[in-house]
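Q: I have a sequence and a model on the screen. How do I read the features one by one?

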Amino acid sequence: MWAKAPLVDTADLRERTSADRREFLSGGLRPVECTACGTCVLVKKNSQHHTSIQWQTPTSECPEFAAQQRPGGLLDTCSKLRASIEALVAEGLLEVPDD
């Protein structure tokens, strides 16, 4: 004889799934301003070698991106923004989780 699956509160499951998604996508993000041009992005250091960046404005507002953009081409990141992030990490103002 087969056992019935337990009843699931689908509304609660949807809410927990939405909360997990919000945390995954935006949890731990901190505003960082580029010291060169003032562009502000949201940043999360996932490890020493992994940085998540969410642009809040079009990348074309960054002078380095604007100068290097080409049709169909993607840039890794702005070197000046990367330096701004690394400076915050070095000063202990942007946390890097232990591996």
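A: Start with the elements. Helices and strands are DSSP runs, numbered from the N terminus. The model is predicted. Thr39 lies in the loop between strand S1 (30-33) and S2.

Q: How many helices and strands does the protein have, and in what order do the elements run?
A: The secondary structure comes to 3 helices and 3 strands. From the N terminus on, the order is α-β-β-β-α-α.

Q: Which helix holds Ser84, and what does Ser84 touch?
A: Ser84 lies in helix H3. At 4% relative accessibility, Ser84 counts as buried. Again leaving out residues up to four places away in sequence, Ser84 touches Glu33, Cys34 and Thr35.

Q: What share of the residues of the protein count as buried?
A: Of the 99 residues, 19% count as buried.

Q: How do I read a nonpolar core?
A: In soluble globular proteins, nonpolar side chains tend to be buried together. Here the largest nonpolar core has 11 residues: Val32, Cys34, Val41, Val43, Cys62, Phe65, Cys78, Leu81, Ile85, Val89 and Leu94. H3 gives the largest share, 3 residues.

Q: Take one core member. What does Val41 touch?
A: Not counting residues up to four places away in sequence, Val41 touches Arg30, Pro31, Val32, Ile53, Gln54, Trp55 and Leu81. Among them, Val32 and Leu81 also belong to the core.

Q: What share of the contacts joins residues 24 or more positions apart?
A: Take the contacts with a separation of 6 or more. Residues 24 or more positions apart account for 35% of them.

Q: Now the cysteines. How many disulfides does a search of the whole structure find?
A: A disulfide is a covalent bond between the sulfur atoms of two cysteines. The search of the whole structure finds 0. Cys37 is in no disulfide; its nearest cysteine sulfur, that of Cys34, is 4.1 Å away. Cys78 is in no disulfide either, with the sulfur of Cys62 the nearest at 3.7 Å.

Q: How do I find empty space?
A: Rolling a probe the size of a water molecule over the atoms shows where empty space is left. The largest pocket in this model has a volume of about 360 Å³. Of its 14 lining residues, Lys45, Thr51, Ile53, Thr77 and Arg82 are the closest to the centre. Strand S3 (50-55) and helix H3 (79-90) each supply at least two lining residues. By class, the lining has 5 nonpolar, 5 polar and 4 charged residues.

Q: Which residues line the second largest pocket?
A: Gly28, Arg30, Val43, Lys44, Lys45, Asn46, Leu93, Leu94, Glu95 and Pro97 do. The space in this pocket is about 160 Å³. Strand S2 (residues 40-47) gives the most to the lining, with 4 residues. The classes are 4 nonpolar, 2 polar and 4 charged.

Note on methods
Residues numbered from 1 in each chain as written. Predicted model: local features only at pLDDT ≥ 70, side-chain atom pairs only at ≥ 80, totals over all residues. Heavy atoms only, no water. 1 Å grid on protein atoms, 1.4 Å probe; cavity = no way out; pocket = protein on both sides within 12 Å on 5 of 7 lines; lining within 4 Å. Points joined across faces, edges and corners; volume = space filled by probe spheres on them. Nonpolar A, V, L, I, M, F, W, Y, C, P; charged D, E, K, R; others polar. Disulfide = S-S within 2.5 Å. Buried < 20%, exposed > 50% of the residue type's maximum accessible area, 1.4 Å probe, protein only. Contact = heavy atoms within 4.5 Å. Core = buried A, V, L, I, M, F, W, Y, C linked by side-chain atoms within 4.5 Å.
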